[in-house]
Amino acid sequence: MSQSLFLVTLVVDDYDRAKDFYCGALGFDCLQDDVQPDGKRWVVVGPTGEDGAAFLLAQAANDRQMAAMGNQTGGRVGFFLKTDDFARDHSSMLANGVQFLEGPRHEVYGTVAVFSDPYGNTFDLIEHVAG
């Protein structure tokens, strides 16, 4: 049996605002942006060059979804963005206005720094050490 996790829903306030952040500031690819029969959109964004999970951007449709936005993991770092060049991506993200919550730190497993999206979801930008 072969399985893989390929999409993770991320609740956002506006499709275009979220797409601008993920594709603009983070440099993700827009993999799909289709209007559905009910007027909702199917917007999928993901990191360039890797065969990993992508985000399905889901615009909040009610108060409960709005309240969950940015806190989908209960305040924990919920997403991990792996890079092959931490310095390059960290610098680019800073230049594009990405909000880092800490400076880079060197751990036994690699170089890492926590950043957030416009909704408050937190991510580790991480370059693993070889091995």
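1. Valine 35 has arginine 41 of strand 3 as its bridge partner. Keep in mind that this is a predicted model. The two strands involved, strand 2 (residues 29–35) and strand 3, run antiparallel and pair over six bridges. They make a hairpin with five residues between them, and glycine 39 in the turn has a positive phi of about 95 degrees.

2. On to the core. The largest nonpolar core has 27 residues, and those touching the most other members are Tyr22, Leu26, Phe55, Leu57, Val98 and Phe115. Elements giving two or more residues to this core include strand 3 (41–46), strand 4 (54–59), helix 3 (86–95) and strand 8 (110–116). Helix 1 gives the most, with five residues.

3. Where does this core lie relative to domain 1 (1–68) and domain 2 (76–130)? It lies between them, because both domains give residues to it.

4. Leucine 26 deserves a look of its own. Leaving out residues up to four places away in sequence, leucine 26 touches Phe21, Met93, Val98 and Phe115.

5. Last, glycine 78, which sits in the loop between helix 2 (63–68) and strand 5 (79–82). Is glycine 78 buried or partly exposed? Partly exposed, because its relative accessible area is 26%, and buried would need under 20%. Beyond its neighbours within four places in sequence, glycine 78 is in contact with Thr73 and Thr122. Glycine 78 and aspartate 124 are 46 residues apart in sequence, with 8.3 Å from C-alpha to C-alpha.

Notes:
Residues numbered from 1 in each chain as written. Predicted model: local features only at pLDDT ≥ 70, side-chain atom pairs only at ≥ 80, totals over all residues. Heavy atoms only, no water. Helix = DSSP H or I, 4+ residues; strand = E, 2+ residues; numbered from the N terminus. Buried < 20%, exposed > 50% of the residue type's maximum accessible area, 1.4 Å probe, protein only. Contact = heavy atoms within 4.5 Å. Core = buried A, V, L, I, M, F, W, Y, C linked by side-chain atoms within 4.5 Å. Domains from an automatic or database assignment. Pairing = 2+ DSSP bridges.
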